[in-house]
Amino acid sequence: MNRREFLITTSVAALVPRITLASTPTELVAQPVSAQILPVGEPATPMLGFNGSTPGPVLRTRQGEIFDIRFRNQIGEGSAVHWHGLRIDNAMDGVPGLTQDVVEVDAEFAYRFRAPDAGTFWYHSHNRSWEQVAKGLYGPLIVEELTPPDVDHDLIVLIDDWRMTEAGTLADGFENMHDQAHQGRLGNYARALVEPSTPVRRGDRVRLRLINVATDRIFPIEIEGVDGKIVANDGMPLVSPQELSSLILAPAQRADIIADITSPDQIAFMFPTQDGPYLLGEIPVEDANTERQPSEISALLPNEVTQPNLDNAVSLTLTMEGGAMSRRMMQGMMGGDIWAFNGQSGLTDTPFHLFERGQTARIRLVNDTRFPHGIHLHGHHFFEVGADDGLGAFRDTTLVDAGETRDIVCVFDNPGKWLLHCHMLGHQAAGMKTWVEVA
Ligand code: C2O
Ligand code: CU
């Protein structure tokens, strides 16, 4: 499908009723589901989901509390669940082959972990993720602050795209090599799903928790009808809230926004495309809140972070290589796949680096390819180093543009074996992954 068809298909997205998500269960059952992805009147789409729906239920607790979740796999192939962005015990991280065995068909796995940080996270399959996540195996995971900010509504906004056929099924070819060598599997249909679907009032202050759950698409987002600030990235509060302009979410990235509603009609989530802005979804505005007094949007309380020891940091370089139109693709790589880090595709027996517990590392991420990559580290957050050499946002996934270099600083204080990979899941499938170990 070309861009024009993308726009025509998606321009009716806003007519679709919002998907309703259930409240935190203790059992998470992965199973085939049927979802109304296309507008009502069009066929429902056979997909995968949790507890009967895709997205899966909202998992929600307060900071410091325990998630106790029995995962049951009924999708007819192996699976496992990863809790993206949570700094938890390695054994609960959900990576088959590294932290646990794959959960076989009709088998179970008990995930139990404490939520250390307040913020916006998500969960998703980590087995054949490029296919299982594309089919719908994901959901939001929210950890509330002990003292939440003063807002009238706390709304989750999941942003996804799907590659649909004319018949309303998901197009197959999840391991299409042309996709993998380029931007990955991009959909021809995209939406923002808002939960809960309560109407809001002009003058209300809302918290919007945006999560890009797409397998491969980077979403620039413009939010109309509000005046607000970004208060957190990837679940972690910003020291000073940032302007809402130029919001870009790579796959797996999140942004928390606190905003005052200025429109009498709607909040609109726009995706700027080459053919103009495209409406991903909207929240209707009814009535007006006349009680709320104007006030500054202040920073969220920080999560507990170990400060890096930059004087004794180990320096490492991770160079992204391969893909279409690249030198490295022509020369070939160890591991024989499309993408590589430092000349190596896929996982090796030994880690990229073995850290002593608590060690600080400064890792130079060099993108020597023709495509952007969203690099994700499991079990930790890291600082993005800014142009001024100062420590910037504290994230778990960083977007590195084609040809760009970004340094990150991380305190490796969580023991275990942690994946480090591109979260464009088609790139991950085709070799852009490695792992580190913290002793
Ligand atoms: Cu969102 Cu390796 O994970
Ligand atoms: Cu990538």
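Predicted model: local features only at pLDDT ≥ 70, side-chain atom pairs only at ≥ 80, totals over all residues.
An open sheet is built from 6 strands, arranged in the order S21-S20-S23-S28-S25-S26, with mixed pairing. The edges are formed by S21 and by strand S26 (391–395); each has a single partner strand, so one side of each is left without a neighbour in the sheet. From one strand to the next, the twist averages 25°.

Strand S20, which spans residues 314–322, is joined to S21 by 3 bridges, and the two run antiparallel. Within this pairing, Glu-321 has Ala-340 of S21 as its bridge partner, and Met-320 stands opposite Phe-341 of S21. Strand S20 is also joined to S23, here by 7 bridges, and these two strands run parallel. In that pairing Leu-318 is found opposite Leu-365 of S23. Of the 9 residues of S20, 7 are buried, so the strand is largely enclosed by the rest of the structure. In a regular strand, side chains alternate between the two faces of the sheet.

A pair of aromatic rings is described by the distance between the centres and the angle between the planes. The count for the model comes to 14 aromatic pairs. One of these is formed by Trp-339 and Phe-371, with 6.1 Å from centre to centre and 85° between the planes. The pair is classed as edge-to-face because its angle of 85° is over the limit of 60 degrees. Trp-339 belongs to strand S21 (residues 339–341), while Phe-371 lies in the loop between strand S23 (359–367) and strand S24 (373–377), so the pair ties together parts that are 32 residues apart in sequence. Trp-339 is buried, with a relative accessible area of 0%. Phe-371 is also buried, at 7% relative accessibility.

Phe-352 is located in the loop between S21 and strand S22 (353–355). At 22% relative accessibility, Phe-352 counts as partly exposed, because buried residues must fall under 20%. The C-alpha atoms of Phe-352 and Asn-342 are 9.5 Å apart in space, and the two residues are 10 places apart in sequence. Apart from neighbours within four places in sequence, the contacts of Phe-352 include Leu-316, Thr-317 and Leu-318, as well as Leu-420 and Trp-435.

Other aromatic residues are grouped elsewhere in the chain. One aromatic cluster consists of Phe-50, Phe-67, Phe-71, Trp-83, Phe-109, Tyr-111, Phe-113 and Tyr-123.

In soluble globular proteins, nonpolar side chains tend to be buried together. The largest nonpolar core of the model has 32 residues, of which Leu-208, Leu-210, Ile-223, Ile-267, Phe-269 and Leu-280 touch the most other members. With residues up to four places away in sequence left out, Leu-208 touches Leu-155, Val-157, Ile-223, Ala-255, Asp-256, Ile-257, Phe-269 and Ile-283. Another core, of 31 residues, lies apart from the largest one; among its members are Ala-181, Leu-318, Cys-410 and Ala-430.

Terms used. Residues numbered from 1 in each chain as written. Chains lettered and ligands numbered in written order. Heavy atoms only, no water. Phe/Tyr/Trp six-rings, centres within 6.5 Å; stacked < 30°, edge-to-face > 60°. Helix = DSSP H or I, 4+ residues; strand = E, 2+ residues; numbered from the N terminus. Buried < 20%, exposed > 50% of the residue type's maximum accessible area, 1.4 Å probe, protein only. Core = buried A, V, L, I, M, F, W, Y, C linked by side-chain atoms within 4.5 Å. Contact = heavy atoms within 4.5 Å. Pairing = 2+ DSSP bridges. Axes fitted to C-alpha atoms, helices over the stretch in contact; angles between N-to-C directions.
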